[in-house]
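Good morning, colleagues. Please have the sequence and the model open while I speak.

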Amino acid sequence: MVGVIIFGFVLIGGIELYCWPQRPWKEVLAYLLLLGLAAALSVTIYLVPDLPVPEPLAFLAKLIMRLWQGGGK
Amino acid sequence: MKELIPTRQGIALVALFTIGNSFIYGMAPHAGRDLWLSFLLAAVIALPLITIYARLHSLTYGQTLSEALTQLFGKWPSRAVALGYSLFAWRLACLVVGDLTSFVQTTSLTQTPQIVVAAGFIILALWIVKYGTEVLARWSSIMIVIVVGIILGTLVLMWSEVSFEAFLPIMYDGFKPVILGAFQVLDFPLLEPVIFFWVLDALPEKKSSYKVFLIGSLMATSFLMIIATISLSVLGADKYVSYYFPIFMATARIDVANFLTRMELVVGVTIALSGFLKIAVCVLVASKALAHALGFKDYRFLVTPVALSIVPGSQWFVQTIMGIVESGTKIASPSDVFMQVVVPLLLWITAEIRISKQGENKAGKPNSI
């Protein structure tokens with residue numbers, strides 16, 4: 001299944017890049033990098049379904065909960 | 001390239017985006033039978049903030065947000081703000097896709113994997129976003145008539161089931177549930193139009209942003225309040241709070257002379273239409289803001305990877321129907337408050353200070369950044 005996911009992303013990327021009228025290297029690089037990230041996320045979610053979601057501001061929620069007991073529950 | 005959006009289409013875009021996928025949930029569940037008060041309170045709190053969004057857009061009239069941000073904060077801080085909004089819009093798109101796929105799987109396509117439905121929505125969103133904001137605005141100006149017409153028609157058919165006694169006694173549990181309900185409605189969906197900074201590049205007049213933001217938001221708020229109150233009056237407060245999709249269950253009760261039944265399917269279609277627009281706007285904003293963050297002028301080449309990453313993202317953020325309803329009806333999360341309240345306030349204050357300084361230096365010149 002991992003192979004199918006990666007093949008799908010390669011296929012989409014290949015076809016879309018082929019259809020571009022011009023291919024400036026900066027845009028191609030950014031496109032491939034982002035497509036690679038999307039593929040990596042897909043594979044990771046497939047392999048680790050319970051992947052924890054990052055919550056950079058979660059400490060603020062905890063602080064507010066502590067200040068206002070029962071708030072947000 | 002600036003994409004000109006007529007005021008009327010801008011209003012439709014903001015209203016349909018705000019309606020989006022939110023009306024499938026029991027909004028303001030903490031308030032119970034006092035949810036109408038929560039909506040009114042939320043509207044009163046939202047009004048100044050939405051006016052600030054409009055004011056900020058008006059101050060940067062004639063420029064895209066990318067250009068205005070660069071002038072306000074300089075190159076790198078503006079890119080950091082853009083990256084923040086890109087991630088915010090991407091996360092919102094993931095949540096909306098997760099909501100819609102779960103809704104479809106729960107109510108009709110029970111054996112179909114969620115990823116198939118998600119891919120369908122994303123391919124359509126990708127297609128319309130590649131055509132740009134103008135097409136999106138034209139589409140929404142047509143679809144808002146259909147969505148609002150169908151829902152209001154359905155609500156009229158429900159009228160025989162309505163019992164206003166469901167709202168009594170008023171504020172029996174005090175004011176706290178009303179406040180909690182108001183914060184929930186503010187977080188999702190009343191302040192979500194904050195991402196429209198990135199959508200509305202060019203409006204016909206400087207004052208158009210006030211009409212677009214205020215009229216669009218007020219239309220959506222009134223519409224959502226009517227849906228929520230009528231659903232509650234049909235189902236009763238206890239069932240409204242306990243059902244995952246109260247509007248769906250309320251419309252299922254429609255039975256006109258054993259002839260006109262199963263109207264919940266029509267509601268399902270309208271949810272798909274308005275939810276699709278919300279996904280498309282989020283994809284557009286995520287791509288545009290990311291293009292600015294990476295230093296590119298055009299955003300269209302980034303749409304495909306951004307849109308494709310939303311499919312796994314929708315399976316990541318929320319995995320169960322309970323989790324989805326919890327995320328939809330939670331009280332304001334810190335990241336949402338930061339992007340919907342703190343950052344716009346900072347941008348607005350900075351813009352006002354810059355303009356007042358420019359006004360002192362160049363008296364008589366137009367007061368935009």
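I begin with one residue of chain B. Leaving aside residues up to four places away in sequence, B:A89 touches B:I195, B:C282, B:V285, B:A286 and B:A289. Please bear in mind that this is a predicted model.

Where does B:A89 belong? B:A89 is a member of the largest nonpolar core, which holds 135 residues. Together with B:A93, B:A280, B:V283 and B:V285, B:A89 touches the most other members of that core. Helix 11 of chain B, residues 264-294, gives the core its largest share, 16 residues.

Let me turn to B:A93, which lies in helix 4 of chain B, residues 75-107. Is B:A93 buried or exposed? B:A93 counts as buried because it has 28 C-beta neighbours inside 10 Å, where the cut-off for a buried residue is 20 or more. With residues up to four places away in sequence again set aside, B:A93 touches B:I279, B:C282, B:V283, B:A286 and B:I310. As for B:A280, its C-alpha atom is separated from that of B:A93 by 8.2 Å, although the two residues are 187 residues apart along the chain.

Helix 2 of chain B, residues 35-59, is my next point. This helix has 25 residues and reaches 35 Å from its first C-alpha to its last, close to the expected 36 Å. Where does helix 2 of chain B bend? The bend, of about 30°, is at B:A46, and the proline B:P48 follows within four residues.

I now come to the contact between the chains. Chain B contributes 19 residues and chain A contributes 18 residues. On the side of chain B that touches chain A, the elements giving two or more residues are helix 12 (303-317) and helix 14 (334-361) of chain B. Helix 12 of chain B supplies the largest share of that side, with 10 residues. By residue type, this side of chain B comprises 13 nonpolar, six polar and no charged residues.

Finally, chain A. Chain A contains three helices and zero strands, and its pattern along the sequence is α-α-α. How does its radius of gyration compare with that of a compact globule of 73 residues? Chain A has 20 Å, whereas such a globule would have a value near 11 Å. The C-alpha trace of chain A spans about 60 × 30 × 15 Å along its principal axes. Of the 73 residues of chain A, 10% count as buried.

Conventions. Residues numbered from 1 in each chain as written. Chains lettered and ligands numbered in written order. Predicted model: local features only at pLDDT ≥ 70, side-chain atom pairs only at ≥ 80, totals over all residues. Contact = placed C-beta atoms within 7 Å. Nonpolar A, V, L, I, M, F, W, Y, C, P; charged D, E, K, R; others polar. Core = buried A, V, L, I, M, F, W, Y, C linked by C-beta atoms within 7 Å. Buried ≥ 20, exposed ≤ 12 C-beta atoms within 10 Å, placed from the backbone. Expected span 1.5 Å × (residues − 1). Bend = angle between axes of the 7 residues up to and from the residue. Rg over C-alpha atoms; globule rule 2.2 N^0.38 Å.
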